[in-house]
Every structure is written in structure tokens, then in C-alpha cells.
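Me: I would like to learn how to read a protein model feature by feature. Can we take one as a worked case, beginning with a single structural element?

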Amino acid sequence: MDLSMDLCGVTLQNPVIPASGCFGYGYEMNQYYPIDILGSISFKGTTLNARFGNPLPRVAECYSGMINCVGLQNPGVDAVIARELPKLREVFHQPIIANISGFSVEEYVKCCTKITNEPQVGFIELNVSCPNVHGGGISFGTDPGILGELVKEVKKVCTIPLFVKLTPNVTDIVAMAEAAVHNGADGLCLINTLLGMRFDIKTRKPIIANLMGGFSGPAVFPIALRMIYQVHQAFPDIPIIGCGGVSTAEDVVEMIIAGASVVEVGTANLINPYACMEIIYELPSLMRRLGISSLKILRQP
């Protein structure tokens with residue numbers, strides 16, 4: 001069975017990738033199984049400077065997922081390059097995805113400039129759900145003009161494929177995809193989390209200290225699938241990293257049918273640390289049941 005998939009000319013051994021924020025910097029998970037079986041890893045969201053993250057509590061369980069508002073806790077890009085990536089290289093030998101965040105165009109550009117030439121980093125995944133602190137607090141990913149300017153500037157310093165991770169918290173996902181593609185994005189990742197909220201009925205206060213957070217998990221899968229399909233129909237030649245509620249091999253196949261080239265698994269890793277491994281092991285038997293020998297034939301032209 002051929003599980004390999006192509007992403008911007010790079011062949012990945014399979015389409016299963018742990019999503020950013022749900023797998024640390026990767027090497028931590030090698031104690032559970034040999035992570036070198038993964039197609040790639042999108043490592044923890046990284047910013048120019050170190051961040052402690054948001055106040056506790058910052059995670060709330062839901063019936064079919066979770067809400068989080070961790071706040072991009074990370075040691076900063078210099079520490080990631082100096083300490084985290086060398087540890088990952090010892091146990092993982094595939095191209096990795098650098099998930100980069102920022103709070104101004106300048107921060108994104110500086111961070112991407114530092115990470116783009118790291119030998120194992122094969123792709124940059126731009127998280128555009130951060131607020132633009134120099135633009136009135138508007139999130140980069142919710143305004144086509146602001147998003148387009150960001151992508152254009154980051155693309156100038158990228159020497160590797162640039163993927164833009166789109167937020168679903170918009171009226172028209174295709175318009176946001178268009179802004180990214182027309183300003184130089186090599187590919188797209190969708191979807192990021194939806195904005196959600198929960199209350200403690202005893203205190204009558206929000207469970208999350210920051211009031212709201214990103215809702216993820218199986219409940220968002222149909223929304224992710226719809227948005228992937230819409231964007232793929234509009235831009236059939238643009239590679240898509242599918243993300244949002246994936247927890248089974250069947251989910252992976254469904255996302256590829258909708259238009260994804262590869263698939264990220266997020267919240268499922270927090271429920272079951274073996275989730276990605278189990279999906280990879282299940283794919284060949286699922287393919288036999290479907291009567292296919294290669295995953296590539298599933299992606300619609």
C-alpha cells in the first residue's frame with residue numbers, strides 16, 4: 001500500500017501529521033512510540049520572544065472536544081533553534097513544519113527569517129489567528145487586506161514553502177484563502193480552532209480565565225471538511241493541510257477526498273497519545289476495504 005503524499009514537491013511517507021500545540025516539539029512523544037513513522041510534525045507554536053502564556057485555567061472540556069486558550073506558551077524562536085530542534089533531530093528524520101506566530105508583521109518576518117534556513121524545517125505554517133497589536137487588535141486572519149500584507153512580507157524572507165493556517169472565524173473562508181494565495185502563499189492549512197466558551201454553573205463565571213478560547217475536537221470535523229472542500233474547489237492547484245477534528249483513519253481519507261494533501265491530528269493526541277500511530281497502522285487495512293492501493297488517487301482534481 002502506498003501511503004505517501006506529496007506536499008509542494010516534497011514526498012512525505014504518509015499524510016499523518018501531529019498538529020501544532022498538541023505534540024510539543026515532538027521528541028517528548030518518542031517515549032510512547034517511534035515518532036519517525038509520522039509523515040511530519042507541526043511543532044508547538046513559536047514566537048519571536050519567549051511567552052509564558054495565558055493565566056490558568058486555560059483548558060475546558062466539552063462533549064465532543066475541548067476549548068483552550070494556552071496563549072502560545074513557548075521559549076522563543078532562538079531557544080527553539082538552539083535547544084528544541086537538535087533534540088528532535090535525534091529521533092525524527094523527516095521534514096518538519098515550523099508553526100510561527102506573531103503580534104505584528106515585523107515579528108512574523110523576524111521569526112520566519114530565523115527559522116527558514118534550519119536544515120530540518122521543510123515548511124513554514126503561519127498561524128494568522130493572532131491579534132495584530134499595531135492594527136487596532138484585529139486578528140490577521142479575519143481581514144483579507146491585513147492578511148495579504150502579512151503573507152507578502154513573510155514570503156520575501158521564506159526560502160521554503162509557506163503555508164498559511166486559516167481561521168474559520170470568518171464569513172467567507174474562500175476570500176481569506178484568496179488573500180493568502182494571491183500574495184504568495186504556497187499552500188494553506190485549514191482549519192484553526194473556532195471561538196468557543198463554557199461557564200461554571202456554580203460560580204456563574206467562564207471556566208477559561210481569558211473568557212473564551214479555541215474550540216477543537218470531533219465536533220468541528222464537518223466544518224473543517226466543508227471549508228477544505230470550498231477552498232479546494234476555488235484553488236485546485238494549491239496544496240492543503242487539512243486540520244480539525246481528525247481522530248480516525250476514516251477521517252483522514254475523508255479529508256483527502258475533500259481536497260487535503262495531508263492531514264494534521266490535533267486534539268485526539270491529548271486524549272490518546274497513540275492516536276497518530278494508530279491511524280497510520282489502520283490506513284492500509286482501510287485502503288484494502290476501499291479497494292485502493294494509493295492515497296493519492298483520493299484527492300479530487
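Reply: Start with a hairpin: β4 and β5 form one, with two residues between them. Strands here are DSSP runs of E with at least two residues, helices are DSSP runs of H or I with at least four residues, and both are numbered from the N terminus. This is a predicted model, in which local features need pLDDT of at least 70 and side-chain atom pairs count only at pLDDT 80 or more, while totals for chains, interfaces and linings use all residues. Residues are numbered from 1 along each chain as its sequence is written, and side-chain values use heavy atoms, with hydrogens and water left out.

Me: How many bridges join β4 to β5, and in which sense do the strands run?

Reply: Two strands pair if DSSP finds at least two bridges between them. Strand β5 covers residues 65–68, runs antiparallel to β4 and is joined to it by four bridges. Val59 stands opposite Asn68 in β5.

Me: Which strands pair with β17?

Reply: Strand β3 (residues 16–18) pairs with β17 in the parallel sense over three bridges, and Pro18 stands opposite Val265. β16 also pairs with β17 in the parallel sense, over three bridges. There, Ile241 stands opposite Val262.

Me: Now helices. How many residues of α6 are buried?

Reply: An α-helix has 3.6 residues a turn, so residues three or four places apart point the same way. Helix α6 (residues 249–258) is mostly covered, with seven of its 10 residues buried. They are Ala249, Asp251, Val252, Val253, Met255, Ile256 and Ala258. Just after α6, Gly259 takes a positive phi of about 140°.

Me: What covers the buried residues of α6?

Reply: Cover is read from contacts, meaning heavy atoms within 4.5 Å. For α6 the cover includes β1 (5–7), α5 (221–234), β16 (240–243), β17 (262–265) and α8.

Me: Which residues are buried in α2, and what covers them?

Reply: In helix α2 (residues 105–115) the buried residues are Tyr108, Val109, Cys111, Cys112 and Ile115. Their cover includes α1 (77–91), β6 (96–100), β7 (121–127) and α3 (144–155).

Me: Where is Ser285, and is it buried or partly exposed?

Reply: Ser285 is in helix α8 (residues 275–290). Ser285 counts as partly exposed because its relative accessibility is 28%. Its C-alpha atom is separated by 41 Å from that of Asn183, 102 residues away along the chain.

Me: Which peptide bonds are cis?

Reply: Omega is the angle to read. The bond from Leu56 to Pro57 is cis, with omega near -10°, and Pro57 is found in the loop between β3 and β4. The bond from Leu190 to Ile191 is also cis, with omega near 15°. Ile191 lies in the loop between β11 (187–190) and β12 (194–196).

Me: Which residues have a positive phi without being glycine?

Reply: Cys8 is one of them, at about 55°. Cys8 is found in the loop between β1 and β2 (10–12) and is partly exposed, with a relative accessible area of 32%. Leu211 has a positive phi of about 75° and lies in the loop between β14 (205–206) and β15 (213–216). Leu211 counts as partly exposed at 45% relative accessibility.

Me: How many helices and strands does the protein chain have?

Reply: The protein chain has eight helices and 17 strands. Its radius of gyration is 18 Å, close to the 19 Å that the globule rule gives for 301 residues, so the chain is as compact as a globular protein of that length. The radius is taken over C-alpha atoms, and the rule is 2.2 Å times the number of residues to the power 0.38. Of the 301 residues, 54% count as buried.

Notes. Buried < 20%, exposed > 50% of the residue type's maximum accessible area, 1.4 Å probe, protein only.
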